[in-house]
Structure formats: structure tokens, C-alpha cells
Amino acid sequence: MGVHERDSRVRGPESAPDGVGLTTGEVARRLGVAPTTVRTWDRRYGLGPDAHRGGRHRRWTPVDVARLERMCALTATGISPAEAARTVLDEATQQSTPAAPATPPEAVGEAPREEGPARRDEGVAAPRPSVRARSRAGSGLRLGDVRQECKGIARAALRLDASALDELLETAIAEHGLVAAWTEVIMPTLQAVGRKWESSGEKYVEVEHFLSWHVSGALRRAAPPTAADRPGATVVLACVPGENHTLPLEVLAAALAERGLPVRMFGGALPVESLVTAVRRTGPAAVALWAQSRTTASRPLAQHVAAMEWGVRGARRKPVVLTIGPGWSGRTVPGLPRPTGLAEAVAVLETVVSR
């Protein structure tokens with residue numbers, strides 16, 4: 001809990017000093033909604049900041065944000081925004097209504113009451129859960145200690161909010177760069193969504209597909225145009241036969257394009273014959289083979305591609321083959337690099353291409 005959050009509970013949001021609080025854009029990113037959605041909830045349902053200060057930019061206190069978090073949690077269950085707003089405002093009213101003060105004994109001629117533990121049940125209202133405590137349902141995903149952007153993206157995915165999800169993904173990539181955005185924001189969220197449907201009887205499969213599709217689109221929009229071919233400098237990216245998880249290769253392709261390296265992306269489950277043909281036709285400096293599962297990782301295939309040669313006699317070349325993905329764990333191919341993360345894979349490929 002932050003300093004400002006503690007203060008708002010003691011003094012109330014209206015007493016927060018000027019400049020304290022979040023802007024509408026910051027609130028939107030935290031919640032995983034578009035800024036226009038926050039403004040609409042303010043204008044249409046009265047869920048704006050309690051304190052109206054001078055200046056053009058409104059500031060949202062932790063209590064204000066807690067109401068919006070509760071709004072997000074309710075709408076994620078399928079409740080209409082109007083009904084969710086009524087519930088949020090009713091709850092907020094209950095929390096802000098003070099308990100009726102006890103009537104002084106002297107007013108009714110009663111003897112003064114005893115003090116001490118024997119009477120401690122009198123004049124003490126039972127504590128009610130605060131709006132912030134109720135709002136902890138949030139995204140419903142166990143994200144752990146991750147960046148705030150992860151929670152916003154998860155909430156948008158659970159609501160199937162396409163516009164908000166696109167905006168949040170593009171903002172994360174723009175602010176952190178492709179590699180950091182993937183490693184610290186996108187991948188933890190994808191993993192959390194995957195755990196969610198695995199633990200709930202595949203109840204959230206549509207959320208995982210929805211999120212994966214939008215991540216793929218965001219990666220393509222963020223990547224610069226494909227670099228022109230340079231003899232002996234192309235990188236071939238392909239999933240091994242039977243493997244259809246392409247997102248990790250897509251972000252690798254985008255990161256390499258960002259660095260001006262020529263890339264040829266062949267996507268999921270590329271047949272052996274097609275992979276061999278692609279390597280012969282492109283004469284790449286490197287080939288990255290992705291395997292998500294150990295059942296698809298094939299040592300003989302990786303060794304076969306690594307042994308391929310092309311070029312004129314006396315100056316023949318072979319590709320450097322990278323085995324990437326968790327499927328290669330425990331199936332390391334001697335002599336072939338096996339980077340363990342995106343940043344390491346990019347670094348290895350940059351070194352290979354620059355030789």
C-alpha cells in the first residue's frame with residue numbers, strides 16, 4: 001500500500017493535496033480500459049473523481065480508482081455497465097454513511113455506562129468490507145508480482161474488450177520496447193491466462209485465443225517493414241513439424257526486423273521437406289527452430305538442417321541452427337546454440353549475421 005493510499009483512507013479523497021492522484025490515462029492503463037471508457041463512466045454514471053480541483057486535468061485518488069476496479073470486476077461477469085454502476089455507487093454510499101451515534105445516557109436519565117472490556121460491544125459498528133477490499137476480484141487471474149500493465153491487459157482480455165486491449169498492448173510495446181514488453185508484460189499475462197483455463201476446465205479458452213490474436217496483431221503493427229535481403233544474412237524462423245505455437249517466433253521476427261535483420265518467417269508446423277527447401281532457397285546465416293513440446297522437438301531434424309551446405313565449391317556455407325523453446329529442454333543438440341530467452345536469442349542471431 002502506498003503513502004497516498006493510506007492517506008486517502010484516513011482523511012478522505014477530498015483532502016488529498018493538489019497534484020496527488022492519477023490522470024485519466026494512467027487510470028485507464030491500470031484498469032485495462034480505453035480512456036474514453038473511463039470518461040464515459042464518469043459522464044454517464046457519475047463514477048468520476050470525488051474531488052474536483054482546479055486545472056484542466058482531473059486527478060483520481062485510490063478511492064476513486066477502487067470504485068472503477070469494482071466496476072471492471074462486475075462488468076467482467078456479464079453485468080451491464082448501468083447495473084454495475086448502480087451497485088458500485090450503492091456500495092460506496094454504504095461505506096461513506098457514518099453509523100448513528102449512540103444517544104448520550106444523560107439525555108434519557110440513564111446512569112453512565114461502564115467503561116472497559118465488559119462494554120466494548122457497545123457503540124462499535126461491525127466493520128464492513130471497504131470498496132477496495134471488494135475490488136480485489138479484479139481480473140480473476142493469479143498474476144503475482146508483475147508490472148501493473150499485466151493486470152490491465154488481463155482485465156481487458158477477460159472482458160473481450162478489443163479496442164482497450166489493442167491500446168494497452170501498443171502502449172506497452174512503445175514504452176518498453178518489443179523485447180522488454182514481451183518478457184515483462186505480455187508473456188506473464190499469457191501464462192496467467194493459460195493457467196486460468198487449465199485450472200477451470202478450459203472455461204477461458206476464448207480469452208486465451210482472443211489475447212493471442214491481439215498480441216500477434218500488435219507485434220506486426222510494431223515491427224518495421226521487413227529488411228531487404230542481404231546475401232548470407234537472412235534468418236529463417238520456423239516451428240518444427242507438429243508445432244503450432246507461433247507467438248514466440250512472431251515476437252522474435254519483430255525484434256529482428258526492428259534491428260534491420262532480414263527475416264523469413266514460416267510459422268507453424270512446417271513439414272520437413274518444406275523446411276529443407278526453404279533453407280536451400282534462402283541460404284540463411286541462421287535457422288531458428290521453435291518447439292513448445294518435447295514431443296515435437298526433433299534432434300535428427302536439427303542436425304540435418306545444421307549439416308546442409310550451399311554455395312560454390314571451396315566456399316560452401318552452413319547455417320547456424322538455434323533450438324529455441326521449452327520443448328528442447330533436456331534434448332540439447334551438441335554444438336547447436338540453445339538460447340533460453342528472447343533477449344539471448346536476439347543477441348545470438350545478431351552476432352551470427354554480423355560475422
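Contact here means heavy atoms within 4.5 Å. Axes are lines fitted to C-alpha atoms, for helices over the stretch in contact, and angles run from 0 to 180 degrees between N-to-C directions. With that in hand: α11 lies across β1 (235-239), β2, β3 and β4, running at about 170° to β1. Helices (H or I, at least four residues) and strands (E, at least two) are DSSP runs, numbered from the N terminus.

This is a predicted model, where local features need pLDDT of at least 70 and side-chain atom pairs count only at pLDDT 80 or more, while totals for chains, interfaces and linings use all residues. Residues are numbered from 1 along each chain as its sequence is written, and side-chain values use heavy atoms, with hydrogens and water left out.

**The sheet**

- Four strands make up an open sheet, ordered β2-β1-β3-β4, and the pairing is parallel; two strands pair if DSSP finds at least two bridges between them.
- β2 (263-265) and β4 (320-324) are the edge strands, each with a single partner strand, so one side of each has no neighbour in the sheet.
- From one strand to the next, the twist averages 20°.
- β3 (residues 286-290) pairs with β4 over five bridges, in the parallel sense.
- Trp290 sits opposite Ile324 in β4.

**A helix on the sheet**

- Helix α13 (residues 299-306) packs on the sheet too, touching β3 and β4.
- The direction of α13 makes about 155° with that of β4.

**α11 against α14**

- Helix α11 (residues 247-258) packs with helix α14 (residues 342-353) at an angle of about 45°, their axes 10 Å apart.
- That makes α11 oblique to α14 (angles under 35 degrees count as roughly parallel, over 145 as roughly antiparallel, 65 to 115 as roughly perpendicular and the rest as oblique).
- On the α11 side, the contact is made by Val251, Leu252, Ala255 and Leu256; α14 brings Leu342, Ala345, Val346 and Leu349.
- Sorted by class, the contact of α11 with α14 has eight nonpolar residues, no polar and no charged ones (Ala, Val, Leu, Ile, Met, Phe, Trp, Tyr, Cys and Pro count as nonpolar, Asp, Glu, Lys and Arg as charged, and the others, Gly among them, as polar).

**Around Thr23**

- Thr23 is in the loop between α1 (3-11) and α2 (24-31).
- Leaving out residues up to four places away in sequence, Thr23 touches Arg58, Arg59 and Trp60.
- Thr23 counts as partly exposed because its relative accessibility is 24% (buried means under 20% relative accessible area, exposed over 50%, partly exposed in between, with a 1.4 Å probe and protein chains only).
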